[in-house]
Amino acid sequence: MINQYITALVEYGLTTELIKQQDKIYTTNSLLELFQMEEYDETDKCDKALDLEDILNGMLDYAYEQGILKENSIVYRDLFDTKIMGILVSKPSEIIKEFFELYKEDPKKATAYYYKLSQDSDYIRRYRIAKDIKWITKTEYGDIDITINLSKPEKDPKAIAAAKLMKQSGYPKCLLCKENEGYAGRVNHPARQNHRIIPITINNQDWGFQYSPYVYYNEHCIVFNSKHTPMKIDKEAFRKLFDFVKLFPHYFVGSNADLPIVGGSILTHDHFQGGNYEFAMAKAKVEREFKVTKYSDVTAGIVKWPMSVIRLKSKSIDSLIELGDYILTSWRNYTDESAFVYAYSDEHGKLLSKLEISNSTKDELGKYEPHNTITPIARMANGQYELDLVLRNNVTTDEHPFGVYHPHEELHHIKKENIGLIEVMGLAVLPARLKDEMELLKQYILEGKDIESNEEIKKHKDWVDEFLPKYNNITVDNITEIIHDEIGLVFSKVLEHAGVYKRDTLGQDAFLRFIDFLNDNNN
């Protein structure tokens, strides 16, 4: 059978144009070497068409049977099938050359080529992404995207045990470093032989452009600093965002915040995320416009969104960067005790009042723990540049140890993880556990069983008790849609919890106090 799998993979490479006809023998021989084969019969073909997942699974099974693959678990299989696919992918220089030749014609052609390559090479595993459960929930804020993430494989116990015994490696320093390109991987770090990076220049610095292997939305890309340097939201970050938008006007790009709790999962490496997708937040309308003194060429407004979003619009990128920086700097140091917005706490964790901050020296301020930051998103829309500034605060209390502006405990049965850039924009990335929990929950609801009696799903009981009275007739035919809608509504509340200024009158009045502060301090 291995002959058939090799023949099928080479044909796949030709069909997808990963390789050319002139590469056929070379690629075949490279695969024979990998599988330690001395004989090969090209005429031995499979009777039925095989997709890439079938081909790779067949090859992996053979490799394990022959002792080439030492463990038959998901981590080891992923390491080995990436090595297989790496044989079919051209050298970085060739792919970079092709990308920029297409870029001269049209940036859209270049990204379409690169996105297809990233999928055909199995760097983006289409067959796993297809397992993700996705739907849209209508809310008062617009249509929110919901995803139960099933494409990230869980590590198996043997791999976890092996990783603990391994000598700690500092190469690559993290999952975003450019040194991942072509890296063989190890049990605690994914293989990347099939991965290629496009070099770009933003803000006169060398950066890399690649796609996320988990593509939560169309053409989900990652833009990262070529140096392993920490994330920082500042004026230069805004310039980098717009430099990227100028390179790829059909893409939005944004950054996670640069503080724990409200930031992303990797704060140690400066990076952005972008793509060719319009999120619910981007579609949301400005419900209250305002002007900031000295920035007459910028339209500003508060967006109708569960989180606290200021949208800036202008034809001038420089004006957006200057005003964005002014708002960021003002927010970093802004305290409003009546709205429970605290910019700093001292070394003992005490939240500092406005008076205490004003009486502090510059050196003292530098020693305090900061709490205010921003999640920025840049895009081009309707012939203008836009910059969305989402106000964030990572204060914790005894009542809310995970964060005051973080999903509160009553929502943790659905989502308790950090609210990063993707969620901020209106796409819920929910844990894989919900797939089985929701199936079990549907069964209990339909059969009238006691949800609290089941350890796995009893955490959902209060939620179910709350939404069940809304529905007169729950059946096998409509229960999935009901559960999906209710999960979406919970996520809407998650975003409300993460919003610094709540949607009620008190919250919006407090938001306007910050807007007034911007103008009062700018005269």
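**Figure 1. Antiparallel pairing of strands S3 and S4.** Strand S3 (residues 198–202) is joined to S4 by five bridges, and the two run antiparallel; strands are DSSP runs (E, at least two residues) numbered from the N terminus, and two strands pair if DSSP finds at least two bridges between them. In this predicted model, local features need pLDDT of at least 70 and side-chain atom pairs count only at pLDDT 80 or more, whereas totals for chains, interfaces and linings use all residues. Residues are numbered from 1 along each chain as its sequence is written, and side-chain values use heavy atoms, with hydrogens and water left out. Opposite Gly208 in S4 stands Pro199. Two residues lie between the strands in the hairpin of S3 and S4, where Asn203 takes a positive phi near 55°.

Figure 2. Strand S4 covers residues 205–211 and is mostly covered, with five of its seven residues buried, where buried means under 20% relative accessible area, as found with a 1.4 Å probe and protein chains only. Besides its five bridges to S3, S4 pairs in the antiparallel sense with strand S5 (residues 221–225), again over five bridges. Within S5, Ile222 is the bridge partner of Gln210. In a regular strand the side chains alternate between the two faces of the sheet.

Figure 3. Glu486 counts as buried because its relative accessibility is 5%. When its neighbours within four places in sequence are left aside, Glu486 is in contact (heavy atoms within 4.5 Å) with Trp463, Phe467, Lys470 and Tyr471.

**Figure 4. The protein chain that holds these views.** The protein chain has 18 helices and 15 strands, and its C-alpha trace spans about 80 × 65 × 45 Å along its principal axes. The radius of gyration, taken over C-alpha atoms, is compared with a globule rule of 2.2 Å times the number of residues to the power 0.38; for 523 residues a compact globule would have a value near 24 Å, and the 26 Å of the protein chain agrees with this. Buried residues make up 55% of the 523 residues. Of the contacts in the protein chain between residues at least 6 apart in sequence, 64% join residues at least 24 apart.

How values were computed: Helix = DSSP H or I, 4+ residues; strand = E, 2+ residues; numbered from the N terminus. Buried < 20%, exposed > 50% of the residue type's maximum accessible area, 1.4 Å probe, protein only.
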